[in-house]
Amino acid sequence: MLMNMEKILSAANENCFAIPAFNTPTSMILRGLIEAGEEADAPMIIEIHPDELEFAGESFLKSVIEEAHKTHIPVCIHMDHGSRKDQIVKAIRCGYTSVMIDASSRPFEENVSICREVCELAHSVGVSVEGELGTIGTTNQDIESTTSTEIRYTDPEAAKRFVEESGVDTLAVAIGTCHGIYPEGRQPKLELERLREIKEKVGIPLVLHGGSANRDEEIAEASRMGINKINISSDVKDAFYQKCREVLQNPYLREPEDIYMPCIAQMKKVALHKFELLGTAGKAKLYK
């Protein structure tokens, strides 16, 4: 069941849960995520970053669209961290149902102007738009990382004005997370009170980037307090490729199903845990 971001997040916003947005650059990871979503009876968001689309090719996106139409669970296909208008136009032409325009490193007024322009384009063809205000940090271990390594926390009053002036459907906020897997000895602490203040002023669904390797209890609490989309890339990929490294210790394996099926199974465990953690499991029924 393919839908855009506005529709898939409306139920999450109304019922105080979050939907995981999994970065999906290969057919093996796609298979595992769809299977996990169907087992959990959970809505999900498939994210494909511009770099991932360049690697996988437009034909891969066509297969994602086909799988989304075939499954009974709600699926949104989202371009993660688009930074240029040509990327947004390409995403819309390829069949994405939602796009992110990340102008968060620009001055406030410029960020608003860029998002407003993208909204005018995307909304005319039923595609949802995610903007970002503030910037999350980076562990320098993920393709989603921007040039910033420091967190610029989202100001609640600025968030209210940004949403009103830009017209975005969802807003990514900075409350303490970073992209990538945190190095040993470094653990973020989310500013949940800041999140509460933002949610009081902003009615649209909120997004948390850098959803991997955080404390489960904080992520679960954030999903109850107003975060409705949580981006998860590194946790899923790490589970898949760590298992690949283990499986490939056997030098005689060469058949794809022998190598990849254990990796898919390992990754599915992570996805199923995220559905439970965010309160997404069983929520597909809300869309019927």
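Student: Which residue in β7 is the bridge partner of leucine 133?

Tutor: In this predicted model, leucine 133 has valine 173 as its bridge partner in β7. Glutamate 132 has a partner in β7 too, alanine 172.

Student: How many bridges do β5 and β7 pair over, and in which sense?

Tutor: Strand β5, residues 128–133, and strand β7, residues 170–173, pair over 4 bridges in the parallel sense.

Student: And what is valine 173 bridged to in β9?

Tutor: Leucine 208 is the bridge partner of valine 173 in β9. β7 and β9 pair over 3 bridges, in the parallel sense.

Student: What do the strands close into?

Tutor: They close into a barrel of 8 strands, in the order β1-β2-β3-β4-β5-β7-β9-β10, with parallel pairing. From one strand to the next, the twist averages 30 degrees.

Student: Back to β7. Are its residues buried or exposed?

Tutor: Buried, on both faces. Thr170 and Ala172 are on one side, with Leu171 and Val173 on the other. In a regular strand, side chains alternate between the two faces of the sheet.

Student: Which helix lies across β4 and β5?

Tutor: Helix α6, residues 108–123, lies across β4 (98–101) and β5. Its direction is at about 170 degrees to β5. Helix α7, residues 156–166, packs on the sheet as well, touching β5 and β7. The direction of α7 makes about 150 degrees with that of β5.

Student: What about α8, which of its residues are buried?

Tutor: In helix α8, residues 192–201, the buried ones are Leu192, Leu195, Ile198 and Lys199. They are on the same side of α8 because they cover an arc of only 110 degrees around the axis. An α-helix has 3.6 residues a turn, so residues three or four places apart point the same way.

Student: What do those buried residues pack against?

Tutor: They pack against the helices α1 (5–15), α7 and α9 (216–225), and against the strands β7, β9 (206–208) and β10 (227–232).

Student: New topic. In the largest nonpolar core, which residues touch the most other members?

Tutor: Met44, Leu61, Tyr96 and Leu171, out of 73 residues in that core. Helix α11, residues 256–277, supplies the largest share of the core, 8 residues.

Student: What does leucine 61 touch?

Tutor: Leaving out residues up to four places away in sequence, leucine 61 touches Ile48, Leu53, Ile77, Cys94, Gly95 and Tyr96.

Notes:
Residues are numbered from 1 along each chain as its sequence is written. This is a predicted model: local features need pLDDT of at least 70, side-chain atom pairs count only at pLDDT 80 or more; totals for chains, interfaces and linings use all residues. Side-chain values use heavy atoms; hydrogens and water are left out. Two strands pair if DSSP finds at least two bridges between them. Helices (H or I, at least four residues) and strands (E, at least two) are DSSP runs, numbered from the N terminus. Axes are lines fitted to C-alpha atoms, for helices over the stretch in contact, and angles run from 0 to 180 degrees between N-to-C directions. Contact means heavy atoms within 4.5 Å. Buried means under 20% relative accessible area, exposed over 50%, partly exposed in between (1.4 Å probe, protein chains only). The arc is that of the directions from the helix axis to the C-beta atoms. A nonpolar core is a set of buried Ala, Val, Leu, Ile, Met, Phe, Trp, Tyr and Cys residues joined through side-chain atoms within 4.5 Å.
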